[in-house]
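Colleague: Please show me the model, and then let me ask about it piece by piece.

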Amino acid sequence: MKSFELNLDGLVGPTHNYAGLSYGNIASKSNTAAASNPKEAAKQGLKKMKALADAGFKQGILLPHERPAIWTLKGLGYTGTDAAILEKVAKENPAILSAVSSASCMWTANAGTISPSGDTADGKVHFTAANLNAKFHRSIEHETTTRMLSAIFNSDDHFAHHPALPAMAAFGDEGAANHTRFCAEYGGPGVEFFVYGQQAFNESHPAPKDFPARQTLEASQAIARLHGLNDSNTVFAQQRPETIDAGVFHNDVIAVGNRNVLFYHEQAFVDTDNVLKELDDKLIGTSLIAVCVPTSEVSLSDAVKSYLFNSQLLSQDDGSMTLVVPGECREIKAVSDYLDKLAAMTTNPINDIQVYDLKQSMQNGGGPACLRLRIALTEQEYQAMHQGVLLTDTLYGQLNEWVDTYYRDRLTQADLADPKLLIESRNALDELTRITGVGNIYPFQL
């Protein structure tokens, strides 16, 4: 049966702003309080989506969430009209207002973890929305994410949805940013690779000292159980604690994989040799191709600054692979030189480098890999999902017009208290659900 990988990119929301909310994410913190351009951010993302769709890759969107999250502020005890609530929280605690206004759901690699039907015990595609409990501004996403994924993948015959894990540090889950699937063919059996930062119930186990480990082994194991996976098709690996402390807050900042290829930095994992051996031993019908970038060629600091590994690795029909990287990779000489060397190698399938301008997202700490959620589907499963979110020429045109209509071209922290921004955002999302046909998924619609 024909199968392929679908990429669902997060459409940047109308409240895209730079609040520096993500401790441990160097880019996010370094641009705190800068003015953002939501319109440009959304169009940069759309341009990349369209280019990949035109190149023959399956491409769709996930919708922005409702922001500012008035329902969250009400849950914190704020009362009155929406405008009064915004005014009061802006005066009393502007940091909370920044948090409930964040457009961080644009980074859909954190939306959840997906196990394709080729891996699961019941032969269905399984979805678990990430609890994202390490950061307040992201911990409020999973309910809307679950509703959205359930609306898009709404066939009980093909899809199974699970609620987010318990919202506590011991089960901290950051979704597909710490999960990669390796396989010979997308529709066949694969090996699911879960990368964690620490063991919550083993205090003697190594852990980072400066920045938090956002993914626990216990969370990854729980998702594997929920999805009907087993020891033969799972590998659990620890991220190097020193690497997390260097600003590598997710595995997708230091490694990316596709099919049977793992592209990773020398300092990505603890016990790398055994991790690679286990992946290779468990792969069916193919062998693992491990492409290691040595520290001597690309330092850990340059890897973080450039987001070299926060890239998309995509398979062409002829078996070759395209690496989609942010423009920053060409601004750092060591990284740019390595990319030229990589494309010339004959020992792996990566022979095409595509560079995209995603500066609005990058300045907030997210590159191409952050912006997309990957889902391996059979043709039958693809046809069973909601088609209104799949990128076509018509939808691309509609989305650009929609952005032009509803988005501002400049946004500061002070603007977040403007009740007009809330109204603009709700009107935009109401129209977007009509354009895509996903139905009522937002709190203000329920």
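This is a predicted model: local features need pLDDT of at least 70, side-chain atom pairs count only at pLDDT 80 or more; totals for chains, interfaces and linings use all residues.

Colleague: In which sense do β10 and β11 pair?

Modeller: Phe263 has Val291 in β11 as its bridge partner, and His265 has Val293 in β11. Five bridges join β10 and β11, and the sense is parallel.

Colleague: Which residue in β10 does Asn258 stand opposite?

Modeller: β9 and β10 are antiparallel and pair over four bridges. They form a hairpin with two residues between them, where Arg259 in the turn has a positive phi of about 50°. In this pairing, the residue of β10 opposite Asn258 is Val261.

Colleague: How many residues of β10 are buried?

Modeller: Buried means under 20% relative accessible area, exposed over 50%, and partly exposed in between (1.4 Å probe, protein chains only). Val261, Phe263 and His265 point one way from β10, and Leu262 and Tyr264 point the other way. In a regular strand the side chains alternate between the two faces of the sheet. β10 is mostly covered, and the buried count is five of its five residues.

Colleague: Is Asn260 buried or exposed?

Modeller: Asn260 sits in the loop between β9 (255–258) and β10 (261–265). Contact means heavy atoms within 4.5 Å, and the residues touched by Asn260 include Phe182, Leu283 and Met321, not counting residues up to four places away in sequence. The relative accessibility of Asn260 is 13%, so Asn260 counts as buried.

Colleague: Which residue's backbone oxygen does the side chain of Asn260 reach?

Modeller: A polar contact is a pair of N or O atoms within 3.5 Å; within protein, one must be able to donate a hydrogen and the other to accept it, and residues adjacent in sequence count only if both atoms are side-chain atoms. The side chain of Asn260 reaches a backbone oxygen at 2.9 Å, that of Ser287.

Colleague: Why is one side of β12 and of β14 left without a neighbour in the sheet?

Modeller: The strands β12-β13-β14 form an open sheet in that order, with mixed pairing. β12 (312–315) and β14 (350–356) stand at the edges, so one side of each has no neighbour in the sheet, as each has a single partner strand.

Colleague: How many bridges join β12 to β13?

Modeller: Gln312 stands opposite Val324 in β13. β12 and β13 (residues 321–326) run antiparallel, and the number of bridges joining them is four.

Colleague: How many residues of β15 are buried?

Modeller: β1 (residues 3–10) and β15 run antiparallel and are joined by seven bridges. Leu6 has Ile375 in β15 as its bridge partner. β15 (residues 372–378) is largely enclosed by the rest of the structure, because its buried residues number seven of the seven.

Colleague: What is the angle between α15 and α16?

Modeller: Two packed helices are described by the angle between their axes and the distance between the axes. Axes are lines fitted to C-alpha atoms, for helices over the stretch in contact, and angles run from 0 to 180 degrees between N-to-C directions. Angles under 35 degrees count as roughly parallel, over 145 as roughly antiparallel, 65 to 115 as roughly perpendicular and the rest as oblique, and α15 and α16 are therefore roughly antiparallel. Helices α15 (residues 393–406) and α16 (residues 419–436) have axes 10 Å apart and an angle of about 165°.

Colleague: At what angle do α2 and α15 pack?

Modeller: Residues of α2 including Lys39, Ala42 and Leu46 meet residues of α15 including Tyr396, Leu399 and Val403. The two helices α2 and α15 are therefore roughly antiparallel. The axes of α2 (residues 38–54) and α15 are 10 Å apart, and the angle is about 175°.

Definitions and conventions. Residues are numbered from 1 along each chain as its sequence is written. Side-chain values use heavy atoms; hydrogens and water are left out. Two strands pair if DSSP finds at least two bridges between them.
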